[in-house]
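Reader: Hello! I would like a close look at one part of this model, the place where the two chains come together. Could you walk me through it slowly?

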2 protein chains.
Amino acid sequence: MNLQKNIAILGSTGSIGRSTLDVIARFPDRFRVSYLTAHRNVDLLREQIERFKPRGVVVLENCHASVLKKLVNGATEVLVGEEGLCEVATRSDVDLVVSSLVGFAGLRPTLRAIEAGKDVALANKETLVVGGEIIMNAVRKHDVRLLPVDSEHSAILQCLRGEEHHHVERLILTASGGPFRTLAKEQFHTITVADALNHPTWRMGNKITIDSATLMNKGLEVIEARWLFDLPASQIHVVIHPQSIIHSMVEFRDGSTKAQLGFPDMKIPIQYALMYPERPHAPYRRLDFSAVQQMTFSEPDLEKFECLALAFKALEMGGTATTVLNAANEVAVEKFLAGEISFSSIPRLIEAALAHYAPHHNATFDDIVRIDAETRQRSQQFAATLQDK
Amino acid sequence: MNLQKNIAILGSTGSIGRSTLDVIARFPDRFRVSYLTAHRNVDLLREQIERFKPRGVVVLENCHASVLKKLVNGATEVLVGEEGLCEVATRSDVDLVVSSLVGFAGLRPTLRAIEAGKDVALANKETLVVGGEIIMNAVRKHDVRLLPVDSEHSAILQCLRGEEHHHVERLILTASGGPFRTLAKEQFHTITVADALNHPTWRMGNKITIDSATLMNKGLEVIEARWLFDLPASQIHVVIHPQSIIHSMVEFRDGSTKAQLGFPDMKIPIQYALMYPERPHAPYRRLDFSAVQQMTFSEPDLEKFECLALAFKALEMGGTATTVLNAANEVAVEKFLAGEISFSSIPRLIEAALAHYAPHHNATFDDIVRIDAETRQRSQQFAATLQDK
């Protein structure tokens with residue numbers, strides 16, 4: 001009997017993709033890498049092809065595909081673009097799709113995978129932020145597993161193991177607070193791109209690192225939790241915990257709270273998602289409590305970290321407001337990374353996108369694609385009016 | 001359909017007994033108090049009779065029974081002594097027995113309850129310390145639930161909910177460290193009874209409060225955990241956590257750790273044991289993380305707290321060594337509370353009892369009773385030779 005799961009990793013050259021391959025390499029009898037995909041890091045993708053020998057790979061641009069085809073010399077199928085992503089996410093020789101693309105781009109291939117009956121390990125939180133209702137309906141309809149890879153949602157999933165949904169009082173997402181937790185708001189205009197990319201705990205991609213610095217990442221996680229665990233915003237709280245040891249908690253209605261803890265290593269939640277409900281032994285670094293020394297907690301400052309407040313606001317507005325939030329945030333982060341707007345302008349741009357916005361309810365996939373595109377255009381225009389760089 | 005559970009509380013006037021009645025009073029449609037028992041606090045027992053109207057009560061001495069019989073005037077059956085305890089623990093109108101007697105006295109009635117097919121909520125940790133193997137064999141044979149009331153074991157039970165036994169790497173019991181955590185060992189001879197009764201976190205009975213000051217309580221909990229969760233001593237660790245917010249943890253073999261947290265209120269684990277697997281809403285004080293501020297951890301100092309080291313030693317010796325440990329400790333605590341020996345002599349007395357002791361394996365109930373009595377006699381004699389008071 002072949003117990004190997006066939007895996008497609010959408011975004012295998014990013015931080016989560018690379019850690020996923022590390023986990024897979026540890027369990028060669030459990031997993032077979034069927035497909036890998038990269039945005040533009042063809043060199044790393046080529047190394048991954050040599051090591052894991054997938055049946056096929058996807059790159060986003062034709063020019064990269066041409067280069068790669070020559071390199072692999074016919075041994076590996078090379079597909080291109082979003083069409084290629086959707087193709088490999090739905091093929092019959094795939095059991096589980098790891099969705100670790102960045103931003104809105106994750107939505108369509110993830111949805112296609114679910115509709116094709118694939119289990120999904122979800123690292124792309126934007127998928128649920130922009131299309132939570134559509135995704136969760138598809139998960140139920142096609143009876144697949146949607147397993148979170150984010151350390152916070154993995155923590156909550158672990159705390160909920162064996163528990164009843166109606167016993168939950170609230171979810172408590174922990175946040176490191178990012179590199180500007182103790183910086184006065186008056187100093188925020190001085191923040192450089194290099195400052196913002198210097199996260200205190202986790203090494204991650206640029207988009208998520210900036211989102212962590214603005215606390216928008218936590219806001220996106222709140223929205224993701226709302227869909228994954230089917231609880232309203234009023235039952236989802238955020239607490240600042242700079243040591244990032246407790247990855248998140250669940251408070252039950254009998255007054256008991258459960259937490260999941262660990263040394264900050266993404267391989268632990270990735271393995272949990274790939275192996276669920278198994279917990280095979282792995283030698284990831286254990287918590288040494290005599291070294292931990294202390295854990296501290298505080299409430300997030302919503303006046304200072306306006307992006308988190310905006311995420312709660314969008315969730316409260318409902319419908320496609322979170323699609324707008326995400327599109328405006330993606331534009332804002334791109335423009336900040338490109339040096340076109342200041343750190344303080346990120347929430348300004350999102351606030352402008354949400355102002356006077358009337359959300360659509362029961363939106364279709366096409367509605368979401370359209371609203372995303374419209375918001376990006378509006379946000380580009382608004383950014384051009386900002387005087388700050 | 002009558003969904004009420006009929007409860008017998010062995011030791012209803014103690015700290016756990018009173019908290020148990022508080023929990024029961026909150027859910028009158030779920031519980032019926034059938035029997036209550038007291039050592040000598042007849043006044044409080046009489047109040048409890050008036051409030052909860054049990055069918056019967058037990059007191060340990062005939063003189064107290066006579067007083068009580070006049071007071072209750074035939075409305076409530078009054079039984080006497082250990083025989084009375086065993087009688088009410090096994091009656092057909094009892095579904096669940098709360099075992100909250102103090103010390104070795106808990107063993108026989110708890111075993112009888114299990115043999116009579118009753119579920120047991122266990123607060124009397126000495127029962128498992130002295131007769132763990134016999135008790136667990138009886139639990140399996142009679143297919144009853146043995147649910148821990150101790151906050152540490154309740155925490156572990158909650159963390160294990162939905163998990164597989166073979167996924168566990170180790171249990172991590174937290175300990176407040178007691179009132180002498182930061183006191184130099186050289187000062188231990190100056191410790192008075194009043195000092196030792198002043199526990200920093202929990203309000204409890206005298207025996208357990210002294211055990212908390214010597215860390216023997218944690219040692220007894222390690223032994224209890226060994227039986228409740230069927231894991232060897234090598235997989236049970238103790239960590240000092242003075243804030244008593246994390247009540248205990250489970251580390252899994254995939255590197256993930258789960259913890260149960262809460263405001264220190266015994267009603268939370270008591271309710272969990274009484275209601276398991278339900279978690280009905282209760283308004284016990286929630287953790288306020290902005291008020292928690294910090295949690296700290298350190299390794300226990302086994303040179304300073306010799307009782308904890310002795311407990312691990314007895315567990316390693318196996319068989320009836322833990323029966324001896326417990327008997328010697330009970331004598332030592334009594335003598336310390338009576339002002340007859342110093343705080344520093346508590347481990348001396350236990351050490352003497354374990355020295356050159358050859359444990360019995362597969363001991364019967366009668367063996368345990370005999371070894372307990374012999375050890376008490378030896379410990380009394382040894383105490384008389386101590387020159388320290």
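Why do the copies meet through the same surface?

Author: Happy to. This is a predicted model, in which local features need pLDDT of at least 70, side-chain atom pairs count only at pLDDT 80 or more, and totals for chains, interfaces and linings use all residues. Residues are numbered from 1 along each chain as its sequence is written, chains are lettered from A and ligands numbered from 1 in the order in which they are written, and side-chain values use heavy atoms, with hydrogens and water left out.

Now to your question. The copies meet through the same surface because 98% of the interface residues of chain B are also interface residues in chain A; contact here means heavy atoms within 4.5 Å.

Next, the extent of the interface. On the chain B side 46 residues are in contact, and they touch 45 residues of chain A. About 3,900 Å² is buried between the two chains, and carbon and sulfur atoms give 49% of that area. Buried area is the accessible area (1.4 Å probe) that two parts lose on being put together, summed over both. Three residues, B:D254, B:R279 and B:F289, supply 19% of what chain B buries against chain A, more than any other three.

Polar pairing comes next. The rule finds 30 residue pairs in polar contact across the interface, both residues at pLDDT 80 or more. A polar contact is a pair of N or O atoms within 3.5 Å; within protein, one must be able to donate a hydrogen and the other to accept it, and residues adjacent in sequence count only if both atoms are side-chain atoms. Eight salt bridges also cross between chain B and chain A, each a side-chain nitrogen of Lys or Arg within 4 Å of a carboxyl oxygen of Asp or Glu.

Which elements build the chain B side? At least two residues each come from α7 (151-160), β8 (168-175), β10 (246-252), β11 (257-261), α11 (267-275), α12 (289-292) and β12 (294-296) of chain B. β11(B) gives the most, with five residues. Helices (H or I, at least four residues) and strands (E, at least two) are DSSP runs, numbered from the N terminus. By residue type, the side of chain B that touches chain A divides into 19 nonpolar, 15 polar and twelve charged. In that count Ala, Val, Leu, Ile, Met, Phe, Trp, Tyr, Cys and Pro are nonpolar, Asp, Glu, Lys and Arg are charged, and the others, Gly among them, are polar.

Let us zoom in on A:R279, found in the loop between α11 (267-275) and α12 (289-292) of chain A. A:R279 counts as buried because its relative accessibility is 0%; buried means under 20% relative accessible area, exposed over 50%, partly exposed in between (1.4 Å probe, protein chains only). Leaving out residues up to four places away in sequence, A:R279 touches residues of its own chain, including A:Q158, A:R161 and A:Y272, and residues of the partner, including B:E163, B:H167, B:F252 and B:K258.

The side chain of A:R279 has several polar partners. Within chain A, a polar contact of 3.0 Å joins it to the side chain of A:Q158.

In chain B, a cis peptide bond joins B:Y276 and B:P277, with omega of about 5°, and B:P277 lies in the loop between α11 and α12 of that chain.
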